[in-house]
Amino acid sequence: KKKKIMEERKEGRKIYFIGFNQDSSFYVCGTDRGFHIFEINSHVCKFQRCIDDGVGITEMRFQSNVVAFVGSGINRSYPYSKVVLWDDCKAKKIEIAFQKDVIRAVKMTEMFLVVVLSFKIFVYRLATQEIVDIIDTCPNTRGLCSVAYYPRNFTVAYPAKEKGVVQVRFYVDKKVVNFRPHKSSVSCLALNFDGTLLATASNNGTVIRIYRLDTCKRLCSFRRGIDRSEIYCLNFSRDSCWLACSSDKGTVHIFRINPDDAQSAADTIMNVQGASDVAYDNAARSIVNSTCGDEPDSILARVTLGQNSIVSDHTLQRVNSGLYREESINDATRVMIAKYNRKKKHWIYRLFPRLEKSTWSGWRFKTNDDLKLICTFVENPETRMYNTIIVVSTEGKYYRATFDPMKPEVFGEDVEAKPLEFTPPADSFLSPEYLPKA
């Protein structure tokens with residue numbers, strides 16, 4: 001009878017929530033029959049707590065047995081207004097209830113628990129469940145909130161009461177900083193692991209901007225696309241050199257964060273401003289060759305080097321037909337065009353006016369999923385770089401692919417999607433850890 005019940009539980013599992021843990025070593029699924037924890041590299045279910053109650057939002061504390069979850073579904077025993085702290089080693093639970101308010105998100109660090117409601121954010125000390133802070137926000141139905149997981153830099157980013165403003169609260173330095181990253185409202189935001197960078201996405205889902213929190217200045221601006229879309233996930237790599245973005249288009253865009261190279265490219269342009277045209281063209285050609293690869297006769301190379309200053313109708317037709325798209329123009333070409341035509345705006349910006357102040361993604365991972373996608377980076381053991389992307393969907397599909405960090409490309413079409421297997425092996429385990437003591 002017990003075996004029959006387990007077989008029935010394997011079938012027809014509905015996924016309510018998927019999320020990564022703090023160091024992207026596991027991901028958690030909240031389903032209509034409990035929560036399940038998968039190892040991110042092996043894609044194996046290491047632990048599950050199968051109950052008849054639906055579980056929605058689930059947050060795992062690093063690699064421990066401490067899990068926070070919120071009820072969901074029709075058969076839920078826990079309401080939407082109650083968060084449950086579950087210690088599986090002790091089989092002990094602690095409940096924190098709120099008065100008739102829906103919990104939108106839950107975040108955990110080594111010492112703190114952050115609960116996001118529709119109009120407020122509660123910060124608790126995890127050991128004693130003591131309230132540390134209560135923050136007022138604008139209507140936050142998406143549960144926008146990001147936490148820096150570095151233990152010595154507890155930082156929280158969230159939408160402020162004023163619409164379109166993102167507020168970052170530093171609990172170690174005891175200061176609050178406001179940002180207005182976009183003209184419209186913010187649809188998604190993320191802090192890197194150390195709490196030094198902030199990424200925000202506009203409500204239209206077209207522009208992503210990154211700010212440095214130490215100087216409060218914009219570091220770079222990226223463009224996902226022109227069509228409006230809903231951004232599901234923003235995630236930094238552990239070394240903060242890459243940013244991944246997933247949307248309802250079923251594509252994950254990967255952006256390179258390399259301010260040193262961008263600055264050196266700009267310095268190269270500035271150093272040749274007083275040189276002759278020949279020296280300038282030689283300096284420009286070296287950058288264009290690295291940008292356009294083995295196509296020196298391409299329209300981008302000719303335009304950047306100052307040739308074909310008068311655009312023919314045939315070229316305009318090819319541009320409008322999609323043969324030359326904005327995605328193929330990267331940051332080095334954009335800087336070259338802007339600096340080469342310092343006194344007047346280049347014709348290419350009249351064709352692509354939105355390109356001037358943003359960089360397009362060079363790497364795109366395509367999937368066939370129409371449901372929500374989340375993405376993260378893991379370290380490649382061969383290169384010791386974070387050039388492996390993990391994508392998980394609420395449809396129950398798992399993707400893993402490695403991209404070339406030196407060659408922008410569209411990849412993932414040949415990557416086979418693996419379904420989620422909710423039955424853990426006999427040797428499944430997690431590191432034993434208890435709720436921290438005061």
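## The chain as a whole

The chain has 438 residues, of which 52% count as buried, and its secondary structure comes to seven helices and 30 strands. Among the contacts in the chain with a separation of 6 or more, 46% are between residues 24 or more positions apart.

Where pLDDT is low, the predicted coordinates should not be read in detail.

## An open sheet of four strands

Four strands form an open sheet with antiparallel pairing, and their order in the sheet is β1-β2-β3-β4. The edges are taken by β1 (15-20) and β4 (44-50), each of which has a single partner strand, so one side of each is left without a neighbour in the sheet. From one strand to the next, the twist averages 15°.

Strand β3 (residues 34-39) runs antiparallel to β4, and six bridges join the two. Within this pairing, glutamate 39 stands opposite valine 44 in β4. Glutamate 39 also forms a salt bridge with lysine 46, in which the closest N and O atoms are 4.0 Å apart. Are the two partners buried or partly exposed? Lysine 46 counts as buried because its relative accessibility is 16%, under the 20% limit for a buried residue, whereas glutamate 39, at 26% relative accessibility, counts as partly exposed.

## Salt bridges

A search of the whole structure finds nine salt bridges, and the table lists three of these pairs.

| Salt bridge | N to O distance |
|---|---|
| Lysine 46 and glutamate 39 | 4.0 Å |
| Lysine 82 and glutamate 95 | 3.0 Å |
| Aspartate 136 and lysine 120 | 2.6 Å |

The side chains of lysine 82 and glutamate 95 meet in a salt bridge. This pair links distant parts of the chain, with lysine 82 in strand β7 (residues 82-87) and glutamate 95 in strand β8 (residues 92-97), 13 residues apart. Glutamate 95 is partly exposed, having a relative accessible area of 37%.

The side chains of aspartate 136 and lysine 120 likewise meet in a salt bridge. Here too the pair links distant parts of the chain, since aspartate 136 lies in strand β12 (residues 130-136) and lysine 120 in strand β11 (residues 120-125), 16 residues apart. Aspartate 136 is partly exposed, with a relative accessible area of 36%, and lysine 120 is partly exposed as well, with 34%. Salt bridges that share partners also join Lys82, Lys93 and Glu95 into one network.

## Strands β14, β15 and β16

Strand β15 (residues 166-170) has four of its five residues buried, so it is largely enclosed by the rest of the structure. Which strands pair with β15? Five bridges join β15 to β14, and these two strands run antiparallel; five bridges also join β15 to strand β16 (residues 175-179), again in an antiparallel arrangement.

Valine 168 of β15 takes part in both pairings: alanine 157 stands opposite valine 168, and in β16 the bridge partner of valine 168 is valine 177.

Each pairing is also a hairpin. Between β14 and β15 there are six residues, and in this hairpin glycine 164 takes a positive phi near 85°. The hairpin of β15 and β16 has four residues between the strands, and lysine 174 in its turn has a positive phi of about 55°.

Threonine 155 has its place in strand β14 (residues 155-159), and with 0% relative accessibility threonine 155 counts as buried. Leaving aside its neighbours within four places in sequence, threonine 155 is in contact with Ser146, Val147, Ala148, Val168, Arg169, Phe170 and Leu191.

Methods. Residues numbered from 1 in each chain as written. Predicted model: local features only at pLDDT ≥ 70, side-chain atom pairs only at ≥ 80, totals over all residues. Heavy atoms only, no water. Pairing = 2+ DSSP bridges. Axes fitted to C-alpha atoms, helices over the stretch in contact; angles between N-to-C directions. Buried < 20%, exposed > 50% of the residue type's maximum accessible area, 1.4 Å probe, protein only. Contact = heavy atoms within 4.5 Å.
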